[in-house]
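Open the model in your viewer and have the selection tool ready.

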Amino acid sequence: MSPHRRVVVTSPQTRLAHARRRSRAAWRAPTLDPVEARQAQRVYRAQRAPALMALGALGVLLFGLPVLLDLLPAWDNVRLLGIPLSWIAIVAVPFPAMVAISHWQLRRAERAEEPE
Amino acid sequence: MIALFAVTPVVLLTLLVGLRGVAAVRTTSDFLVASRRVSPLLNSAAVSGEYLSAASFLGVAGLVVKDGMGALWYPVGFTAGYVAMLVLVAAPMRRSGAVTVPDFAEARLASTPLRKLAAVTVLVIAGLYLVPQFRTAGLVLSVVSDGPYWVGVVIAAVVVSVTLAVGGMRAATYVQAFQFCFKLVLFIVPAIWLLLQVGPQVRHDAVHPVEFTHFTRDTPVDFGLEVTLLLDDPLTVTTADGTPLPIRAGEYRVAEGTTLVFPAGAPVPGVRGGAAPGGPDWQRPLLDPHDAGHPVLGTWAVLIATMLGTMGLPHVLMRFHTSPDGRSARRTAAITVGLLSVFYLFPGIYGTLAKVLVPQLYLSGATDTAVVALPSQVDAGSTGTVFTALLTAGAFAAFLATSLGLLLVVAGAISHDLVPGGLARLRFTVVAAAAVVVLLALPSARLDAGVLVTWGFTVAAATFCPLLVLGIWWSRLTAAGAIAGVAAGLAGTAGAIALTLFGPPVSGLAAILIAQPAPWAVPLAFATMVGVSLLGRPPAWSQAAMLRLHLRERRDTGPAWGRDPGHSSPVTRRSSATRRVIRRLGR
């Protein structure tokens, strides 16, 4: 028998209760302490601005690039290392840009949550 | 034989890794959300492993062969969904304390009808997503092993349901995280090998595509499904047993299960509903389905459906609930963007190589198998066989990981939200749901996997995406508004799907908007939700219910909370009995 063997430590009643159908607890209206409510309001406002900026950047990137490629069919014939530039544009531009946006947004969102 | 070598290790490893997670599954929370103890890195690997389904592993490269370079917008949309998730949904949704999406809806809006409606929506999305997974598993196995279609479907169902029924989400987490690494290696290594092996001529042809108009060599084509070919001139082909078969000009119906060998130099026949790969439209990096003449709108429609749909996929959302707190849920989303970005650099390589080496697949409609068909074209010897086996193993891992997550949300929706029951019921539901999906998948071999999965995304985008975004960021949302919006989104997308399946053929702008309903269905759902909510009055607690989602959790441990570890309720709100117990036991 290995030394790290796991053993059941719940009582038989607990296991029975877990296995039985449970009526879910009645829903209770959420409440916030005044202090918490003020803090939550502050965090909510602080999160909104970077969220909108990140979404805006993502929207411009994703919806602007197809328009650009549609307007510039000449890019199909420009070649970089033999590969058409328009093919490179749909792989090499969006993915690094999205990684950068999410990194930036993550840092902004975490800083907004720090207590004052 | 290849299939046996490829699939057996995946199945065994899946079961082995799954069994490692079996310990200590005793409550519904253990089963559905792995006791919420999954670290961001492990969780993001599991999210990516679950998300990279057959559609990503095989489907994108197949779509490149079929529709052209514009198909590379699909992975962009798939990844962008996680950026939107990170910005809008991840942390607040985890803080709601919910276990499933219907749970979240009830926690935020206190409405049982909404919970039931959300559970039904989960079943619709999961059904649209799960059937093609099982179907592709069956197809790929039947292609590489010449076995019957149903064997692959049944193997997939048995492995998935046993792993889940025994180990639940914890087993699924380890399996999916492991399978992400597995898939990443099995996708990247063969891609590099193929690029090095094909020789300069093929590499040159891959980036200078010419339209596939004539067969360059004697080409056998397996028609797994019935196909109607359109010939301009009479043509003599050879059947599998070597007898010549003259075909007259005009339409020719190829029966299911035949193999025809087209001679070198023969013109490529047309296929109803498809254009030959390699033409000028094929090379444009935009999506223009049905040649409707609106490439920008077609591309936007796919981007909206995949990006907003990802945000509402119930099995992905469920994975975020396994994070210990909101911050780790957010970090999970951020890491996932990076992991997916690495993986999605490679489908384009497979797609362009497949266009050069196996363009005939578009004749039989089997472009989904392009990735696994490539190695044998490059190396007819044992090395090619090994790489075929590796890619088949990766593809099978892709079905398994995705099916695990989907089956879990189906079980959660049925026996946690619709008819609440205990753990035994959950385990049983997993097996029963797998059986139902097998029955649905057996007659669906003809359906296009990509289309079904895109519909799943569209339904999610038009129902759960507005529900989550407005629920988290708009305190005036009411239960009536949410129900009306989800119902409108569901009805709109279901109507469009029904029109595509049974309606008259349409062309132009209407064709795009019916085949890809996301550009109008998502705004419709948002507008209905906002409009109906503004007609009613939100309850007094709705501001608190929303703000609570943005409040950072208290740390359970740490010096500031040294006296009563492990208690989440604030000191002022405890009963006298609790305070007495803490005084006596708390250190």
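Two residues are in contact if their C-beta atoms, placed from the backbone, lie within 7 Å. This is a predicted model, in which local features need pLDDT of at least 70, side-chain atom pairs count only at pLDDT 80 or more, and totals for chains, interfaces and linings use all residues. Residues are numbered from 1 along each chain as its sequence is written, while chains are lettered from A and ligands numbered from 1 in the order in which they are written.

Stop 1: the two chains. Select chains A and B: 54 residues of chain A are in contact with 51 residues of chain B. On the side of chain A that touches chain B, α2(A) gives the most, with 18 residues. Helices (H or I, at least four residues) and strands (E, at least two) are DSSP runs, numbered from the N terminus.

Stop 2: the sheet. In chain B, select β1, β6, β3 and β4, which form an open sheet in that order with antiparallel pairing. Strands count as paired if DSSP finds at least two bridges between them. At the edges are β1 (219-223) and β4 (244-247) of chain B, each pairing on one side only. Four bridges join β3 (residues 235-239) of chain B to β4(B). Which residue of β4(B) is the bridge partner of Val237(B)? Leu245(B) is.

Stop 3: the helix. Select residues 149-197 of chain B, which make up helix α8. At Gly168(B), α8(B) bends by about 120°, the angle between axes fitted to the seven residues ending there and the seven starting there. Finish at Gly199(B), which follows α8(B) and has a positive phi, near 95°.

Note on methods. Expected span 1.5 Å × (residues − 1).
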